[in-house]
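Student: I have a new structure to get to know. Can we go through it together?

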Amino acid sequence: MDYPRPHVPVQPVISLETLGRERRQSTPSVLDVGSTLHVTSGRMAIALALRRMTIGAGDQVLMPAYHCRAMVDAVVWSGATPVFYRIHDDTSVDLADVAAKATASTKVLVVVSYFGFPQDMAAIRLFCDKRRLMLLEDCAHAFFGRIGNRPVGFYGDFAVASYPKFFPVYEGGCLISSRHSLGGIALNDAGFAFQVKSALNALEKGFSYGRLTAVRRLVGIPMTIKDLIWRSVKGRTRALHARIGPMSADGGSGFEPEWMSMRASLVTRLIVRYAARSRIAERRRAIYRALQQALGSMAGSRPLFPCLPDGVVPYVFPLLVDSPEQVFPALKRAGVPVVRFAEFLWEGVDENICPVGADLSRRLMQFPCHQELSTREIKWMVDRITAVLLNREVNGNELETLSH
Ligand SMILES: *Cc1c(COP(=O)(O)O)cnc(C)c1O
């Protein structure tokens, strides 16, 4: 079934407030960890990390049984075998299960800090050191934040993050390390068409959600000229490259190794560098709290996390619902920006392997709390979610009130 495009942007879209000078000391993030490579997606960063650790055929990589397919694709691409471990109810790593599943062939433990809530990385680091495992910290949901007085991403041999989840960019991710040099990894620029596509996509997504309307008017005529240029660029490059941008950037779930050695676009790198970071952290925390307040005690659901600890910068607001089979499609039909992380688990990963992962994959709905949501959009989203959870009909006219 085809659902309407979400009426509220699922991920950050560019606005006049996106870039700005920091008012206070910058919020800690993965970029404070050490060496950094800006690549085209988080999954490419995972694949590069595995290659840098010389992981390949015959090796095993311990992966959480609650995951997105892109993570597993990267492991399979490396030639290694993914082995899935359990997580607890609160998404923390089940170290007893990890210990039980580790063999002489196990080389790497991959750990995800789900939805921006960091794992107990100091303890996991000790565990890995004792067993001579390398640690890959997946910070795709946890770009910002600290663990004790260390930034997220510090404890892993390598860490990865994904830019479009936290910044209004078309594509990008990073590979970082506080322990190893990344010097041996050479990256190339993906070419002019990709640079143009990344820039235009960031702008157009903003325009399509009613952002930068003054800019849009201002650039109205140049954009028409741009369309002509763009068409000719596309026409010329189509023969050369099958695709101008990676599938990951267009919401796809594929793994395209040809993007592995490519650098993130210039526009992505500029936005990540000059974004007002403390605004991102503060807005996300504030919106998360507002959603918790509004939706935290609705019948038929409960928030995954009971509170928002200091230093956590949430990726989304995760809500566990009792009847996902009704609620999820109803939310999608209403144009609510709902996403289910791990909606499709890797083949063979089921409740026997990890009951919690299988349950979360079915029942956990995530709603955006990103910095670019307006008060009006938050209110609209809360009203729609409430109506769906209370099983109240929402009529079509009401839905039109937020069209851009
Ligand atoms: C999104 C995601 C990735 C992959 O990031 P992309 O930039 O989409 O390739 C990896 N791990 C987790 C936990 C993710 O949510």
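Student: What should I know before we start?

Tutor: This is a predicted model, where local features need pLDDT of at least 70, side-chain atom pairs count only at pLDDT 80 or more, and totals for chains, interfaces and linings use all residues. Residues are numbered from 1 along each chain as its sequence is written, and side-chain values use heavy atoms, with hydrogens and water left out.

Student: OK, which residues are around the ligand?

Tutor: Ser 41, Gly 42, Arg 43, Cys 68, Met 71, Val 112, Asp 138, Ala 140, His 141, Ser 162, Lys 165 and Phe 341.

Student: How many are nonpolar, polar and charged?

Tutor: Five are nonpolar, four polar and three charged. Ala, Val, Leu, Ile, Met, Phe, Trp, Tyr, Cys and Pro count as nonpolar; Asp, Glu, Lys and Arg as charged; the others, Gly among them, as polar.

Student: What lies 2.7 Å from a ligand oxygen atom?

Tutor: A backbone N or O atom of Gly 42 does. A polar side-chain atom of His 141 also lies 2.7 Å from an oxygen atom of the ligand, and so does one of Lys 165.

Student: How much of the ligand does the protein bury?

Tutor: The protein buries 91% of the 380 Å² that the ligand exposes when taken alone. Those areas come from the Shrake-Rupley method with a 1.4 Å probe; for residues, only the protein chains shown count as cover.

Student: Which H5 residues are buried?

Tutor: Among them are Phe 194, Val 196, Leu 200 and Phe 207. Buried means under 20% relative accessible area, exposed over 50%, and partly exposed in between (1.4 Å probe, protein chains only).

Student: And what follows H5?

Tutor: Gly 210, with a positive phi near 75°.

Student: Where is the nearest cysteine sulfur to Cys 68?

Tutor: The nearest is that of Cys 139, 14 Å away. Cys 68 is partly exposed, at 22% relative accessible area. For Cys 174, the nearest cysteine sulfur is that of Cys 139, at 8.4 Å. Cys 174 is buried, with a relative accessible area of 0%.

Student: Which residue other than glycine has a positive phi near 55°?

Tutor: Arg 132. Most residues other than glycine have a negative phi. Arg 132 sits in the loop between helix H4 (121-131) and strand E5 (134-138).

Student: Is Arg 132 buried or exposed?

Tutor: Exposed, with a relative accessible area of 78%. Thr 91 also has a positive phi, about 75°, and is not a glycine. Thr 91 counts as buried, at 3% relative accessibility.

Student: Where does Thr 91 lie?

Tutor: In the loop between strand E3 (81-85) and helix H3 (95-101).

Notes: A residue is near a molecule or strand if one of its heavy atoms lies within 4 Å of it. A polar contact is a pair of N or O atoms within 3.5 Å; within protein, one must be able to donate a hydrogen and the other to accept it, and residues adjacent in sequence count only if both atoms are side-chain atoms. Helices (H or I, at least four residues) and strands (E, at least two) are DSSP runs, numbered from the N terminus. A disulfide is a pair of cysteine sulfur atoms within 2.5 Å.
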